[in-house]
Amino acid sequence: MGNFMIFRRSLLPVLALATGTIAPMSSALAQGAPSQTQIDGQSDQQSAQIPPQFRADAERAMRYALPADFMSRAVSTISELQGRNIQPPNSQGLGLQEMITRTSQVPGFPDVLRSHGFTPETFIIGMTTFGMTLAASNGQVPAGMPSPNPTNVALFKAHPDQVNALMQAMGNPPH
């Protein structure tokens, strides 16, 4: 169980766009939340509150279409990484590209990803997309953020068991 908890804490920063960053962003936006009109008009207030790199990464992740077998492959990938005691790098506060670069530099990490049909890029973007789609499905995305790809929403609705399995693999059981 100890390795599982270490992995869980290490994997969560990989999902920083969906978990670690969205909660503080929600608080920041709540203090001066722009109206829908301001959001639609891309107001100066909104762009000042959502850092440009965060917005670009969020848009990239929300546009990304998860492959139909993403969740089952991600579960087996996480399981193998845990079994080999390979930890994701600390990616707190990093953008997507920096997370991808750091992940590709962890000894053994790219090999495990490759054996499950992932590259560091497709895994990190996929996990970020998964987390952000999940957050959006639960109403945890601040106003002004992009909506999830409808294909991903449909995938989640068609396979709730796979969503739950991936959440459990990440150490975040469904509520």
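Helix axes are lines fitted to C-alpha atoms over the stretch in contact, and angles between them run from 0 to 180 degrees between N-to-C directions. This is a predicted model, in which local features need pLDDT of at least 70 and side-chain atom pairs count only at pLDDT 80 or more. Residues are numbered from 1 along each chain as its sequence is written. Helices are DSSP runs (H or I, at least four residues), numbered from the N terminus.

**Helix 9 and helix 10**
- The axes of helix 9 and helix 10 come within 10 Å and cross at roughly 75°.
- Helix 9 is therefore roughly perpendicular to helix 10, a term that covers angles of 65 to 115 degrees.
- The contact (heavy atoms within 4.5 Å) is made by Thr 129, Phe 130, Thr 133, Leu 134 and Ser 137 of helix 9 and by Asn 152, Val 153 and Phe 156 of helix 10.

**The two sides of helix 10**
- Helix 10 spans residues 150-158, and Asn 152, Leu 155 and Phe 156 are buried there (under 20% relative accessible area, 1.4 Å probe, protein chains only).
- Seen down the axis, these buried residues fall within an arc of 100°, so they line one face of helix 10; the arc is that of the directions from the helix axis to the C-beta atoms.
- Pro 150, Lys 157 and Ala 158 are exposed (over 50%) on the face turned away from the buried side.
- Helix 6 (70-83), helix 9 (120-137) and helix 11 (160-169) are among the elements that cover the buried residues of helix 10.

**Helix 7**
- In helix 7 (residues 96-104), the buried residues are Leu 96, Met 99, Ile 100 and Thr 103.
- Those residues lie within an arc of 100° and so line one face of helix 7.
- They pack against helix 5 (52-63), helix 8 (109-115) and helix 9.

Methods
Heavy atoms only, no water. Parallel < 35°, antiparallel > 145°, perpendicular 65-115°, else oblique.
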